[in-house]
Amino acid sequence: MTVYARVDGPLGSMLLVGEETADGAAALASLSLPEQKGAVTVRDGWRHAPEAFTHVTEQLADYFAGRVKVFDVPLASGEVGTPFQRKVWRALEEIPYGETASYGQIAARVGVSGAGVRAVGTAIGRNPLLVVRPCHRVIGADGSLRGYAAGPERKELLLGLEGALVR
């Protein structure tokens, strides 16, 4: 069953969506932020179950307090995204806390060049796990804070939290 919860934090009210597991916890499928492009919305039939996300909400609180640098949360096993998008998303997970990578560097990691950089940017923009899968760590080659589905001010806040602002 699909379950959801809302969690307040410095980025606003985060919507957590997941698949309920046998132990009553949730395997995280999505983390959306207010006014995010392509954000998930609660659907009929989903059950409000904040208790299922206890592990996720604790890690998010610790991340925003600077105590967690790598998330260790169960993720939903369903195949979301295209094979290319999943390849790009795995590359995002390799960017260490407090560091950034350019769109071109991510493109090179997944084996594309030239116009492929635009496809990488599109795949990054469709990341369903904002914050947890650190797409906010991807910046322009010139150090600019290009693109972020939840807005540049949130990207700046996350990079500032991690000490990775390149200004």
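A pocket is taken here, on a 1 Å grid over the protein atoms alone, as an open set of points where a 1.4 Å probe fits, with protein on both sides within 12 Å along at least five of seven lines; lining residues have an atom within 4 Å of a point. Grid points are joined across faces, edges and corners, and the volume is the space filled by probe spheres set on the points. The structure is a predicted model, in which local features need pLDDT of at least 70 and side-chain atom pairs count only at pLDDT 80 or more, while totals for chains, interfaces and linings use all residues. Residues are numbered from 1 along each chain as its sequence is written, and side-chain values use heavy atoms, with hydrogens and water left out.

The chain has a mean pLDDT (the predictor's confidence in each residue, from 0 to 100) of 94, and 99% of its residues reach 70 or more. Helices (H or I, at least four residues) and strands (E, at least two) are DSSP runs numbered from the N terminus.

The largest pocket has a volume of about 290 Å³. Its lining comprises 15 residues, of which Ala76, Gly78, Arg86, Trp89 and Arg133 are the closest to the centre. Helix 2 gives the most to this lining, with four residues; strand 3 also supplies at least two.

In soluble globular proteins, nonpolar side chains tend to be buried together. A nonpolar core is defined as a set of buried Ala, Val, Leu, Ile, Met, Phe, Trp, Tyr and Cys residues joined through side-chain atoms within 4.5 Å, where buried means under 20% relative accessible area, exposed over 50%, and partly exposed in between (1.4 Å probe, protein chains only). The largest such core has 43 residues, and the members that touch the most others are Leu31, Phe53, Leu60, Ile106, Ile124 and Val131. Two or more residues come from each of strand 1 (2–9), strand 2 (12–20), strand 3 (26–32), helix 1 (54–64), helix 2 (83–93), helix 3 (103–109) and helix 4 (116–125). With neighbours within four places in sequence left aside, Phe53 is in contact (heavy atoms within 4.5 Å) with Val3, Tyr4, Ala5, Leu16, Val17, Gly18, Ala26 and Leu28.

Val131, also among the core members that touch the most others, is in the loop between helix 4 and strand 6 (138–139). Val131 is buried, because its relative accessible area is 1%. Its phi is positive, about 75°, although Val131 is not a glycine. Most residues other than glycine have a negative phi. Glu35, in the loop between strand 3 and strand 4, likewise has a positive phi, near 60°. Glu35 has a relative accessible area of 77% and is therefore exposed.

Ser30, in strand 3, has a relative accessible area of 6% and so counts as buried. The side chain of Ser30 makes a polar contact with the side chain of Ser32 at 3.5 Å; such a contact is a pair of N or O atoms within 3.5 Å, of which, within protein, one must be able to donate a hydrogen and the other to accept it, and residues adjacent in sequence count only if both atoms are side-chain atoms. Beyond four places in sequence, Ser30 is in contact with Leu15, Leu16, Val17, Val40, Pro128 and Leu129. Gln59, in helix 1, counts as buried because its relative accessibility is 9%.

Thr100 is in the loop between helix 2 and strand 5 (101–102) and, at 27% relative accessibility, counts as partly exposed. Thr100 and Val138 are 38 residues apart in sequence but 5.7 Å apart in space, C-alpha to C-alpha. Outside four places in sequence, Thr100 touches Ile95, Gln105, Arg137, Ile139, Leu159 and Ala164.

Gly45, in the loop between strand 3 and strand 4, is exposed at 61% relative accessibility. Gly45 touches Met1 and Thr2, residues up to four places away not being counted. The C-alpha atoms of Gly45 and Ile139 are 38 Å apart, with a sequence separation of 94 residues. Arg118, in helix 4, is exposed at 69% relative accessibility. Arg118 and Tyr103 are 15 residues apart in sequence and 8.4 Å apart in space, C-alpha to C-alpha.
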